[in-house]
Amino acid sequence: MIEQLLAVVGVDKADRVVCQAQGCGHGVYRRIHVVRRDDGELGVFGSDCFERLFGHLISKPPRYGSGEGRELTAEERQILADNTERLIAQFEEEHQVLLEQARLRREQQEKVEQAARERAERLRLEVERRRPPTQAELTSVHQQAKALVRQKFNVDPDLPGWAGLVLAEARKLLGR
Ligand SMILES: [Zn+2]
C-alpha cells in the first residue's frame, strides 16, 4: 500500500490523542495528521513527527479535507478516540458523496450546455431558411428558371418584360 496522508484534524485539548511516532508519546490535539502507512495501518502524528517521518507527503493535500486541520465534531472526536479506522471510513463515505454530487453537477451542466448548443443550431437553421437567396444562388438556377418560363408560358424569357417571372421561378427552385 502507498503511504498517504488521509486527513489533518483538530480536537479539544481534553480529547487529545497520543502521537504514534516511536519514542514520542506526546498528546496531540491541533493538526493531528492521520496517515495510512505502507503496511496499511493507520497512524496519528503531531505536526513535527509527521514532517520528520513523512516529509515526502507534505507537498500533497490530504485525501480528505483541505489540510487546514478542521475541528472534528463531538461525534467525530468520539470516533477518533475509539477507532481511527472508523473515522477514516466515515471520511471516505463523505468523500464519495462529494464525488457523486460533483459528478451529478457535471452531468447537469453538460445537459444544459447540450440544450444551448441545440437551441443555437435550430436558430441558425431558421435564420438560414429565412434569408433571401444570394445573387450567386440565383445565377446558379437562372438558366433552369428561364427554361421553365419558356415552357410554362410559351414566351421568350430573355425579353426584359419576363425578368420578374424568371426571378420568381428561380426563387421557387431555391425554395426561398
Ligand atoms: Zn510525535
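Trainee: Which residues in H2 meet residues in H3?

Mentor: Please bear in mind that this is a predicted model. Glu76, Ile79, Leu80 and Asp82 in H2 meet Thr84, Arg86, Leu87 and Gln90 in H3.

Trainee: At what angle do H2 and H3 pack?

Mentor: Helix H2 spans residues 74–82 and helix H3 residues 84–130; the two pack at an angle of about 135°, and their axes are 5 Å apart. H2 is therefore oblique to H3, because only angles over 145 degrees count as roughly antiparallel.

Trainee: Let us turn to the strands. Which strands are joined to E1 by bridges, and in which direction do they run, parallel or antiparallel?

Mentor: E1 has 5 bridges to strand E4 (residues 32–36), and this pair runs antiparallel. Gln4 has Arg36 in E4 as its bridge partner. E1 also has 2 bridges to strand E6 (residues 70–71), and here the strands run parallel. In that pairing, Val9 stands opposite Arg70 in E6.

Trainee: What do E4 and E5 form?

Mentor: They form a hairpin with 5 residues between the strands. E4 and strand E5 (residues 42–45) run antiparallel and are joined by 4 bridges; His33 stands opposite Phe45 in E5. In the turn, Gly40 has a positive phi of about 90°.

Notes. Residues numbered from 1 in each chain as written. Predicted model: local features only at pLDDT ≥ 70, side-chain atom pairs only at ≥ 80, totals over all residues. Pairing = 2+ DSSP bridges. Axes fitted to C-alpha atoms, helices over the stretch in contact; angles between N-to-C directions. Parallel < 35°, antiparallel > 145°, perpendicular 65-115°, else oblique. Contact = placed C-beta atoms within 7 Å.
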